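This briefing concerns salt bridges, a helix pair and a surface patch. Please have the sequence and the model at hand.

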Amino acid sequence: MPAEVVSSKTVAIRVVSALVILLLLLWLFSTSLFIPIRIYREIYLGNIIVAVIAFIFALKAEELARPLSNEVSLRFRLNSQKIGGTLKWGLRLISLAVLYVGLHGVLFQILTWYFEHNVSSTIYNAVFVVTGSVIVYQVIKAITS
């Protein structure tokens, strides 16, 4: 069978649809569909499912950068390299926010095994704030290059 040829617009629509579905699943499995089966100490099966969904979201968001930058650069006649870099880092910032929420149930609990609750909270938040700051810098760098 020959491979299906699809436009950037079609790919972008498919990936955005997948991301919306993943966000919906992340929210559902974090709330009403949370599975309270204890795996180890205070880590539950629901926490692991939410973390996996967050990782899948981050991977799918990476797929969106190229087709979205192609569409934006064609529509507005802009430099595709500049748009691509900006969108890539912008999507990574969104992914970081999703990972912050999605990994909290697992990573925060692991940190509490070794540190007090408030220290674990500070470490968890600091890692994401520093990572977010680096990504914001990369977005600004991509815009101004």
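E42 counts as partly exposed because its relative accessibility is 39%, where partly exposed lies between buried (under 20% relative accessible area) and exposed (over 50%), with a 1.4 Å probe and protein chains only. The model is predicted, so local features need pLDDT of at least 70 and side-chain atom pairs count only at pLDDT 80 or more, while totals for chains, interfaces and linings use all residues. Residues are numbered from 1 along each chain as its sequence is written, and side-chain values use heavy atoms, with hydrogens and water left out.

**Salt bridges**

- The count of salt bridges is three, a salt bridge being a side-chain nitrogen of Lys or Arg within 4 Å of a carboxyl oxygen of Asp or Glu.
- E42 pairs with R38 at 2.9 Å, N to O; R38 is partly exposed, with a relative accessible area of 49%.
- E63 and K60 form a salt bridge at 3.1 Å, N to O.
- Both E63 and K60 belong to helix α2 and are three residues apart, about one turn of the helix; helices (H or I, at least four residues) and strands (E, at least two) are DSSP runs numbered from the N terminus.
- E63 is partly exposed at 41% relative accessibility, and K60 is partly exposed at 25%.
- R92 and E62 form a salt bridge whose closest N and O atoms are 2.7 Å apart.
- Because R92 lies in helix α3 and E62 in helix α2, this pair ties together parts that are 30 residues apart in sequence.
- R92 is partly exposed, with a relative accessible area of 25%, and E62 is partly exposed at 36% relative accessibility.

**Helix pair α2 and α3**

- The axes of α2 and α3 (residues 80–114) come within 8 Å and cross at roughly 170°; axes are lines fitted to C-alpha atoms, for helices over the stretch in contact, and angles run from 0 to 180 degrees between N-to-C directions.
- The two helices, α2 and α3, are therefore roughly antiparallel to each other, a term for angles over 145 degrees.

**Nonpolar surface patch**

- I37, I39, Y40, I48, V52 and I56 make a nonpolar surface patch of about 520 Å², with areas from the Shrake-Rupley method and a 1.4 Å probe, only the protein chains shown counting as cover for residues.
- Patch residues have over 30% relative accessible area and no salt bridge; nonpolar side chains (Val, Leu, Ile, Met, Phe, Trp, Tyr) are joined within 5 Å, and like charges within 9 Å.
- β1 (38–40) and α2 (45–76) each supply at least two residues of the patch, and α2 gives the most, with three.
- Y40 is located in strand β1 and is partly exposed, with a relative accessible area of 45%.

Note on methods
Parallel < 35°, antiparallel > 145°, perpendicular 65-115°, else oblique.
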